[in-house]
Amino acid sequence: QQIFLQRFGFLIILIYTVTNIKDLLNISRTKAYEYVKKVYKEGKPFKVIKVGENYRIPKTSFDKWLNGE
């Protein structure tokens, strides 16, 4: 499940899930959850939002970190 913004006929991803992070980093599901939980607790290097038991990662924050910005 992802959050999308539709603009000019294109779907734009606004929020990543842990599964998206797993796929982007090519790591296991367990490692992805461990890392996202750690980032949530430390508040860096990117933003993580917890909604109930679910973690959501704003795309812009994660992408900046991934690109070394």
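User: Is Lys22 buried, partly exposed or exposed, and what is its relative accessibility?
Analyst: In this predicted model, Lys22 counts as partly exposed, because its relative accessibility is 24% and the cut-off for buried is under 20%.

User: What does the side chain of Lys22 meet in a salt bridge?
Analyst: The side chain of Lys22 meets that of Asp23 in a salt bridge, with 2.8 Å from N to O. Asp23 has a relative accessibility of 48% and therefore also counts as partly exposed.

User: Why can side chains pair like that?
Analyst: They can pair because they carry opposite charge and their charged atoms come close.

User: OK, how many salt bridges does the count come to?
Analyst: The count comes to four salt bridges, and the one between Asp23 and Lys22 is among them.

User: What about Lys38, which residue is its salt-bridge partner?
Analyst: The partner of Lys38 is Glu42, with the closest N and O atoms 3.8 Å apart. Because Lys38 and Glu42 are four residues apart in helix α2, about one helical turn separates them. Lys38 counts as partly exposed at 43% relative accessibility, and Glu42 counts as partly exposed at 44%.

Methods
Residues numbered from 1 in each chain as written. Predicted model: local features only at pLDDT ≥ 70, side-chain atom pairs only at ≥ 80, totals over all residues. Heavy atoms only, no water. Buried < 20%, exposed > 50% of the residue type's maximum accessible area, 1.4 Å probe, protein only. Helix = DSSP H or I, 4+ residues; strand = E, 2+ residues; numbered from the N terminus.
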